[in-house]
Amino acid sequence: MVPRRFPQNLFFALIIASAGVSIFAGHPVAQDNDVPGMIRVNQLGYLTDGPKRATVVHDGANPVNWRLVDANGAEVAAGDTLPMGRDRASTLNVHTIDFSSVSVEGAGYRLEVDNEESIAFTIADRLYGGLRTDAMSYFYPVRSGVAIDGKIAERYGRPAGHAGVLPNKGDTDVPCLGTRKARKILGQAISCDYRLDVSGGWYDAGDFGKYVVNGGIAVAQLMGAYERSLNVLKGQSATTGDGLLRIPEAGNGVPDILDEARWELDFLVSMRVPAGEPLAGMVHHKVHGEKWLPGPMLPDQDPEQRVLYPPSTAATLNLAAVAAQGARLFAPYDAKYSEGLLAVAKRAYAAAEAHPDMIAPYSDGQNGGGDYHDPEVSDEFYWAAAELYLTTGEDEWYERLKASPLWRERVLTSDGINWRETAGWARLQLASVSSKLPQQELDWIRGSVRAAADTFLAVQRGEGFGLMYRPQGGYGWGSNHSVIENMIVTAVAYDISGKPEYLKGVRESMDYILGRNAMGISYVTGYGTHYAHRQFALMFAHSVDPSFPEPPRGALAGGPNGQPADPVAEAKLRGCAPQACYIDEFGSYSTNEIAINWNAALSWIAAFLADTETGSATSN
Ligand code: 9MR
């Protein structure tokens with residue numbers, strides 16, 4: 001059965017009828033008449049020393065002329081397009097334009113083909129520093145349990161959500177799902193009679209649920225952005241700095257990414273079953289309301305009873321993995337916290353080993369939260385053991401890693417890294433964090449990363465829109481983040497090999513996210529000329545209720561979903577080509593939601609792109 005997340009009530013009928021809101025006071029947003037023509041470009045711009053390609057939707061089988069003009073209309077370059085035929089994912093006939101040889105900085109460039117001109121774009125040495133800050137500053141306005149300061153996050157100030165104040169019924173004193181309900185919803189009678197304070201953490205996405213397995217991969221990749229920069233640039237970059245983000249902790253002497261990560265880590269720790277209980281040490285899978293909320297709402301107004309779902313092996317191993325990673329990164333700043341995290345990680349791993357088959361069942365999605373059903377946990381065991389090994393260097397974790405069925409498996413497939421499949425991320429960590437791994441093993445691990453990256457480069461060469469994503473099973477839910485995950489794999493291949501092809505590939509794939517795609521839209525709010533800004537998010541519902549703000553700058557839309565599963569998409573995207581199964585409407589949560597795990601991936605890649613720009617390591 002296809003999960004239905006929301007009641008199909010009048011509210012959604014209204015949403016479907018209401019596309020087209022585009023401006024609110026003082027905050028210009030992309031207008032509908034900006035929809036670009038047939039020439040699709042990276043709307044943020046191109047790096048002076050980077051690849052510069054665009055895609056033209058054009059029926060002709062033969063090359064056609066293109067011209068690049070500057071802001072004054074003077075021709076800067078010209079050439080012939082490369083016909084690519086029918087692009088499979090978009091079903092469009094496309095040609096590509098390569099103007100990589102142009103390297104003069106400037107704004108207002110346009111490409112011209114057949115009397116059509118592209119959106120104006122920039123060529124610059126530096127493009128991605130702002131996106132790094134914005135993508136990572138996304139997490140502050142979605143913090144739960146604390147008032148958001150509108151002086152820090154302009155337009156996003158609001159009271160604390162789920163902080164134990166009515167009408168909220170949570171998250172300071174949350175009961176478990178009752179036995180009868182558990183049996184009805186989960187088909188199992190697991191329940192408990194304690195209550196937990198699970199306030200804090202980040203809201204998952206458009207809804208106010210907090211799910212450990214998604215919080216885990218999100219905080220891992222956010223910390224990963226920090227760790228990558230720390231390892232590769234030895235801290236000589238704004239990425240590892242204090243003052244990078246729009247958060248209250250900026251300037252407290254601790255790198256901002258760690259401050260933001262701690263907000264989530266502490267929540268994840270609070271989801272543990274308390275000492276003395278039979279399942280002590282295991283971690284509750286998720287906390288959310290009993291019913292989906294009917295429409296736009298600030299989190300402090302949520303009247304639903306919040307409930308804890310039973311513990312799961314996957315959630316417990318997520319905590320083990322990120323607590324181990326956190327222990328490593330916090331050590332220089334807060335030794336006590338670091339030691340505490342390591343103890344948490346070890347205890348969680350032991351609990352998961354003692355309960356290796358507690359699987360959060362697939363529920364029907366009617367009950368106020370996503371199911372986050374993950375029946376296969378060998379990847380979470382591998383991930384947790386990897387992080388524990390990288391932090392401690394202890395043999396016992398190396399032995400566990402080697403015993404994992406995934407130790408020598410091909411884990412970096414086209415949809416290889418996500419909340420459900422975490423082995424790919426663990427593989428990247430093993431490949432890049434310095435450790436005592438025997439050289440031969442490290443070589444094999446790194447070889448597997450490069451082999452995957454080579455596959456992605458090959459995919460990219462055949463794609464009309466230059467992205468490194470061609471999944472077996474069609475474009476999935478959150479495909480934009482899957483594109484980015486493959487870019488992350490390729491970025492790590494660059495880090496471990498220094499081969500410029502990988503860097504070029506990553507830079508070009510970013511074009512897809514920022515406008516060079518079948519929809520001609522930048523999927524990042526505030527970036528480009530025509531960008532997604534009506535994403536589904538209860539508290540950023542401006543597109544359906546102007547009293548709410550829009551999604552923050554730097555928020556990534558989920559993106560094309562080959563099997564759209566919401567009323568808007570079902571009504572409006574029937575028969576869509578995989579890459580065109582997207583609509584920038586509030587009601588289309590299966591193509592157009594925002595989520596912490598997706599923004600964490602965007603944060604990682606934005607930091608990488610900013611850190612690899614000309615001169616970035618010294619003067620950012
Ligand atoms: O990201 C999740 C995706 O992999 C699943 O296919 C989908 C349906 O179960 O759910 C997605 O996660 C959503 C979660 O269930 C509830 N919060 C919003 C998440 C993003 O859409």
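Arg-534 sits in the loop that runs between α13 and α14 (567–572). Its relative accessibility is 8%, so Arg-534 counts as buried (buried means under 20% relative accessible area, exposed over 50%, and partly exposed in between, with a 1.4 Å probe and protein chains only). A polar atom of the Arg-534 side chain lies 2.9 Å from the backbone oxygen of Asp-584.

A word on the model: it is predicted, with local features needing pLDDT of at least 70 and side-chain atom pairs counting only at pLDDT 80 or more, while totals for chains, interfaces and linings use all residues. Residues are numbered from 1 along each chain as its sequence is written, and side-chain values use heavy atoms, leaving out hydrogens and water.

| Helix | Residues |
|---|---|
| α10 | residues 423–432 |
| α11 | residues 439–462 |
| α13 | residues 500–513 |

Helix α10 is largely enclosed by the rest of the structure, because 9 of its 10 residues are buried. Among them are Trp-425, Arg-427 and Gln-429.

Next come α11 and α13, which pack at an angle of about 50° with their axes 10 Å apart (axes are lines fitted to C-alpha atoms over the stretch in contact, and angles run from 0 to 180 degrees between N-to-C directions). On the α11 side, Arg-450, Ala-453, Asp-454, Leu-457 and Gln-460 meet Glu-501, Tyr-502, Gly-505, Glu-508 and Ser-509 of α13 (contact means heavy atoms within 4.5 Å).

Conventions
Helices (H or I, at least four residues) and strands (E, at least two) are DSSP runs, numbered from the N terminus. A polar contact is a pair of N or O atoms within 3.5 Å; within protein, one must be able to donate a hydrogen and the other to accept it, and residues adjacent in sequence count only if both atoms are side-chain atoms.
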